[in-house]
Amino acid sequence: MSATIPVLILAIPLFMFIFLGLAGKKMSHLLAGILGTLGMGTVLVLAYYTAFHYFFSGDPAFISEAGERLQYIVFNQTWLQFTDRLVISLGFFLDPISAMMLVVITTISFMVHLYSLGYMRDHHGVFEKGFQRFYAFLSLFSFSMLGLVVATNIFQMYIFWELVGASSYLLIGFYYTKNSAVSASKKAFIVTRFADLGFLIGILVLSFYTGTFDFTSLTSVPVEGMANVYHVDLSTPNAVLGVFQSSAAPMFMGASVLTWALVLIFMGGMGKSAMMPLHIWLPDAMEGPTPVSALIHAATMVVAGVYLVARLFPLYLMEETSLVIVTVVGAITAFYAAMVACAQIDIKRVLAFSTISQIAFMMVSLGVARPEFHEGLGYMASMFHLFTHAMFKALLFLGAGALIHAIGSNDYTAMHGLRKYMPVTHWTFLIGCLAIAGIIPFSGFFSKDEILSACGNYSPLVYVWMSMVAGLTAFYMFRLYYLIFWWKEHKIPEGHHAPHDQAWTMSLPLIILALISCVAGFIPFGKFVSWNGEPYDFMAHFDWGVASISLLVAVLAIILATVMYRKENSLPEKFKNALPALWDWCHHRFYWDELYMFITHKIIFNGICRPLAWFDRHIIDGTMDSFAILTNKASELIRPLQSGQVQMYVWIYIIGALLLGGVTVLCLI
Amino acid sequence: MDYSQFLAMKQEIGLLVVFLLVFLYDTFMPRSTQKGLPAFASIAMLLLTVAGCLGCCLCSCSDVVAFGGMYETSPVISAIKNILNIGVVIVLIQSIKWANGEFMTMRRGEFYELLLVTLFGMYLMISARHFLVFVIGLESASLPLAAMVAFDKNRYESHEAAVKYILTAVFSSAIFMMGLSFVYALAGSLYFENIYGALFVSSTSTMLVIAIAFVIAGIGFKLSLVPFHLWTADVYQGAPTSVTSYLSVISKGATAFAFLVVMAQVFGSLYAQVWEWMLYALIILTITVGNLFAIRQRNMKRFLAFSSISQAGYIMLGVIAYNTLGMAAMMFYILVYIFSNLGAFGVIGAIENASGKVSMDDYRGLYKTNPRLAFTMMLAMFSLAGIPPFAGFFSKFFIFTGALQGASVAIYVLVLIALINTIVSLYYYLLVVKAMFISDDECVIAPFRSSCSERLGMWIALFGIMFLGLLSPVYDSLIDLSSLSSIGMYFIR
């Protein structure tokens, strides 16, 4: 495969960013938007072509005789060489998951580009201020995210990881005149950056012991008893992980160094993927424009953490502990976020917590994946869910955006009964809800079912727990659905026209994504993605028992939601009054933000920052100031030497010369 | 006598030809064409420089000792002479406007003749391998300068400066001669080689130490090392700006190199024992005192006088380094210093010619009225202060690197002191920038258009400031030259 197309996939968004960023102000809003969208459309075609080529061409570079999908490095340009093997390169890496991510990212990004043409203007068709900037940032984000998924080594991934963080920061703070948006963008940046500190340390630890950043060398390591992970070349430095396998594996504080490295890397993933306790930025990130939430904070960037763990999965397999940590964090987060989502008023927040919960599903699925259970079903399920979730969650967010655009508020209390006015939005949103709730035949059913199967194989406890979360998911989604589209509509004030469906640029992405959500479940995903590249027979592992139970749970939850929220009634009120504490905690997101505020403001600011500031102001600045004062004083002191009299000059001259000689003589003799 | 020895002196002879041409032009050309003399002199000097540089680059001439061992030339020596030539060309170009002024009509030629004679003296100083030649060079580089300093005969300060200069110069020459006579008494010869040989075997005596101290004092006077520097500020202030710029860069650069040659080839064996510590003290004093005085100056020329004192201290780091790297760094430092200082003097001269203002207070708001001049001045100040990416940063960096090769605690301390002084110098260089850019006061200097020659001079200086540091071949070739040089043999600790 030639490098032209892969290079273009990265170069076009980068070029669009630079071009729109520099020249955007000079062109009309519409032109900038259309150029950005066309650029992304081109990338979409190229990425589809690449993925298609990878999966279907049957090229021996991509698929082995035995039908095993191979890792393929399209190009790998050395950028910074430390030692022979420790090299930072920039390259393009193709394997099943990166090809899948190319499809996901370009699809969603293109939809969002198209959608924003309609969304980023008011009801009179006037474009928002900074429209061109918005498209420039979208291009920057797409570039960074594509660069992240095709990274050939962990350091390239880290570079682009930070770039997506930066573009996310820029887009959350797009309405930079709004205080809440500015603080949300700062919060997102700081929290994820804090997590990335762990990531960086993890990378350094890993590369210190293995001497490489390369994913191929890092993951193509024979774990005991499973020698044929990817294409193992036994002559290459498999000593890489021999370091960790030998009985003398380095230990640190009771755990092996590999565990530490993996847990630290996972910390970076927790930050980006909003796992507890580093989830606090994601709900606030909803301050950004809604298309951004759909693209970055639902479909692509937030799954980077999952992608990271999947990318290093063979490494994680070597350390049971690290996978258990992934599972536990995921399971707790999933439940927590689902609980909180039940008690939010802002529809974007509900979706945000739902996103957290669904990403946690993927994490759990990775955490419970073991080659010995159903040949690594969990890994496949996780990637499958990532794929379907990206589609239906983007659909839900874009639908929510349409509602917000029509109503002008994020609260469901301002909506009610919109199904009559906005039929397109209503139907597509309903499909999204059914998909996320896991109703057959929508896509979410298949992927979630496989996750639950994988959990069931691993441990009954995790299975029951995650099924419960799945039930909660169906419940809060339908609560939201009913509150928005049912109930009695608000009276429309005189002189205002009724809310209505949106322009085609906004409807089209909704319809396309809804169609994908309807049929994506039937994609034989296992044929393309599995943990070791071998095609995975999906039906052989399909568990009808698990499927019917999860379906039953979802339906029950939907019925409960219907009873409570179909029409305005007193049931929710009663429920709330029966368990006031639970409502309070859920509504206030279990007071995590307050806890963080307490820790940062009270403990860190007072305990660490203030003394440091004092030290800086008095000791460091004081030293500098006293140097300056001293210099000035000395300057004043020696001033009389320059008297302007030649006699004096000559005196000083001769005294100087004699002293020079005399002192030296005294010292020598 | 073997007349082919004169071939070794081709740079001196070239300079002599330029001198004669200027002299003939001055004497025989009709009065109406006399206004062309400055340009003629500049072009002649430029041709000499280009020829010298080409000769330096093209033919790989080896070291030549001529005239019974009194005269030596080598690629390094040609290189430093070429560096001086470049500086002289810029000075000449910058002086065209001034030299064509009203009161210069009768004496235009004299200025150029005197200047070329002093340059000839500096050539001799650099190439001398016998103290007699050295003293002739030193004196012919000093005495005509007094006349040049007094050139503004309508200005009282100019006379005062000349008198101060000549008095202190004579005194310092006397001290220098005394030192030399001590050396002669000890070694019985004035040939560098013979003295080196004699001192190598003899033990250090009080007389020798005093002799070295006096020699350092005599040359230190020309370099304006503290405490032999007191004439500098008055002379710089009083002299015409073109003379000041010539004094501050060419005279200083030539003497610095000659100083290195003398210290290595004559007293080289006593480096660690005797004069390293003398120089050590002088450098600390020079850098610090120069800076401390510079902080308080409001007159731009006086200010640059003290700045040049402190810069001389940095140049001396290349001598105390006492290795080929230090020598290369010193030559590079001189080259960069020529461009930076002449950039600053170019602006000062242009402003003085147009408005007669030389006080820092008058520079307030210069940015608003003459943005290009202000910008040139700013870059020159940045380069003098050593802010990257301008040439001054690299020259400071290299000279520190050269000094640190010594790798002793004392040298580390010295470099640390020099570094701290860089920060102090940053303060006063930025005072000028602040006055030009930040002050909100009324603008004193009205907008004016500087003449073509002045602008050309500033452009050349700016070019050097911006690119000398970034063009690595310049420094690399200096390193190559100095590592091959015969002076390198003397660098034994």
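**View 1. The surroundings of A:Ala394 in a nonpolar core****.** Leaving aside residues up to four places away in sequence, A:Ala394 touches A:Ile108, A:Met111, A:Ala294, A:Ala298, A:Ala299 and A:Leu513, where contact means that the C-beta atoms of two residues, placed from the backbone, lie within 7 Å. The model is a predicted one, in which local features need pLDDT of at least 70 and side-chain atom pairs count only at pLDDT 80 or more, whereas totals for chains, interfaces and linings use all residues. Residues are numbered from 1 along each chain as its sequence is written, and chains are lettered from A and ligands numbered from 1 in the order in which they are written. Together with A:Met466, A:Ala394 touches the most other members of the largest nonpolar core, which has 211 residues; such a core is a set of buried Ala, Val, Leu, Ile, Met, Phe, Trp, Tyr and Cys residues joined through C-beta atoms within 7 Å. Helix H16 (residues 377-407) of chain A gives the largest share of this core, 22 residues, helices being DSSP runs of H or I with at least four residues, and strands runs of E with at least two, numbered from the N terminus. Another core, of 190 residues, lies apart from it and includes B:Phe120 and B:Tyr363.

**View 2. A hairpin in chain A****.** Strand S1 (residues 72-81) and strand S2 (residues 87-94) of chain A pair in the antiparallel sense over eight bridges, pairing being assigned if DSSP finds at least two bridges between two strands. Five residues lie between S1(A) and S2(A) in this hairpin, and A:Asn76 has A:Gly91 in S2(A) as its bridge partner.

**View 3. Helix H6 of chain B and its neighbours****.** Helix H6 (residues 131-149) of chain B has 19 residues and should span 27 Å at 1.5 Å a residue, which agrees with the 27 Å between its end C-alpha atoms; the expected span is 1.5 Å times one less than the number of residues. Among the buried residues of H6(B) are B:Phe131, B:Phe134, B:Leu138 and B:Leu145, a residue being buried if 20 or more other C-beta atoms lie within 10 Å of its own. The buried residues of H6(B) pack against helix H5 (108-127), helix H7 (156-187), helix H10 (231-238) and helix H11 (241-265) of chain B.

**View 4. Where chain A meets chain B****.** Contacts link 19 residues of chain A with 29 residues of chain B. On the side of chain A that touches chain B, helix H25 (592-637) and helix H26 (646-668) of chain A each supply at least two residues, and H26(A) gives the largest share, twelve residues.

Notes: A residue is buried if 20 or more other C-beta atoms lie within 10 Å of its own, exposed if 12 or fewer, and partly exposed in between; C-beta atoms are placed from the backbone.
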